[in-house]
Amino acid sequence: MTLNARIAPLFYLLAGLFGFAGVALAAAAAHGGGDAHLLASASAMCLAHAPTLLALAIGAEKLKTAWLAGILIGVGTLLFAGDLVALRYAGSGLFPLAAPTGGFAMMFGWLAIAVGAFIRRG
C-alpha cells in the first residue's frame with residue numbers, strides 16, 4: 001500500500017471536519033458581530049480546502065505528491081483558521097505567526113499539487 005493510500009482516510013476526515021467547521025463559522029460570522037471578519041476568513045479557508053482534501057483523497061493514486069499536498073493544506077488550514085478562531089474567542093492567537101505559517105503551508109500545498117503534474121507515475 002502506498003503512502004498516498006494510507007493517508008487518504010485522514011484527508012477524508014479533515015475534509016468532513018473542515019466542511020462542518022466552515023459552515024458553522026460562516027453562521028457565527030453572520031450572527032456574531034464584533035470581529036466577525038475573523039470568523040468569515042476562517043470559514044472561507046475551511047470551505048475552500050475541504051473539497052481540495054476530498055479531491056486529494058479520491059485522486060491519491062493519480063498524484064504522487066498528494067500526501068505532501070494534503071498534509072501541508074490540512075495543517076495549514078488548521079493553523080490559519082484555528083488562529084483566527086482563537087483570536088476571536090480567546091483574545092489571542094494560537095502562537096505568534098500561526099496564521100501566516102498556516103497560510104504559507106497552504107500555499108506550498110498548492111505548489112505540491114502543481115509539481116505533481118510533472119512527476120510521472122512509475
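Modeller: Contact, as used here, means heavy atoms within 4.5 Å. The model is predicted: local features need pLDDT of at least 70 and side-chain atom pairs count only at pLDDT 80 or more, whereas totals for chains, interfaces and linings use all residues. Residues are numbered from 1 along each chain as its sequence is written, and side-chain values use heavy atoms, without hydrogens or water.

Colleague: Leaving aside neighbours within four places in sequence, with which residues is serine 43 in contact?

Modeller: Serine 43 belongs to helix H2 (a helix is a DSSP run of H or I with at least four residues, numbered from the N terminus). Its relative accessibility is 4%, and serine 43 therefore counts as buried (buried is under 20% relative accessible area, exposed over 50%, partly exposed in between, with a 1.4 Å probe and protein chains only). Once neighbours within four places in sequence are set aside, serine 43 is in contact with Gly22, Leu25 and Ala26.

Colleague: Against which helices do the buried residues of H2 pack?

Modeller: H2 has 23 residues and reaches 34 Å from its first C-alpha to its last. Its buried residues include Leu38, Cys46, His49, Leu53 and Leu56. These buried residues pack against H1, H3 and H4.

Colleague: How far apart in space are leucine 39 and isoleucine 58, C-alpha to C-alpha?

Modeller: Leucine 39 is placed in helix H2, where its 0% relative accessibility makes it count as buried. Not counting residues up to four places away in sequence, leucine 39 touches Leu25, Ala28, Ala29, Val85, Arg88 and Tyr89. Isoleucine 58 is 19 residues from leucine 39 in sequence, and the C-alpha to C-alpha separation is 29 Å.

Colleague: Are H1 and H2 roughly parallel or roughly antiparallel?

Modeller: The axes of H1 and H2 come within 7 Å and cross at roughly 155° (axes are lines fitted to C-alpha atoms, for helices over the stretch in contact, with angles from 0 to 180 degrees between N-to-C directions). That angle makes H1 and H2 roughly antiparallel.

Colleague: Which residues of H4 make the contact with H2?

Modeller: H4 comprises residues 98-116, and H2 and H4 pack at about 30° with their axes 13 Å apart. The two helices are therefore roughly parallel to each other (under 35 degrees is roughly parallel, over 145 roughly antiparallel, 65 to 115 roughly perpendicular, the rest oblique). H2 contributes Met45, His49, Thr52 and Leu56 to the contact, and H4 contributes Met106, Trp110 and Ile113.

Colleague: Which helices are included in what covers the buried residues of H1?

Modeller: H1 runs over residues 3-32 and reaches 41 Å from its first C-alpha to its last. Among its buried residues are Ile7, Phe11, Leu14, Phe18, Gly22 and Leu25. What covers the buried residues of H1 includes helices H2 and H3.

Colleague: What distance separates the C-alpha atoms of phenylalanine 95 and leucine 79?

Modeller: Phenylalanine 95 sits in the loop between H3 and H4 and is partly exposed, with a relative accessible area of 41%. Not counting residues up to four places away in sequence, phenylalanine 95 touches Leu79 and Asp83. Phenylalanine 95 and leucine 79 are 16 residues apart along the chain, and their C-alpha atoms are separated by 9.5 Å.

Terms used:
The expected span of a helix is 1.5 Å times one less than its number of residues.
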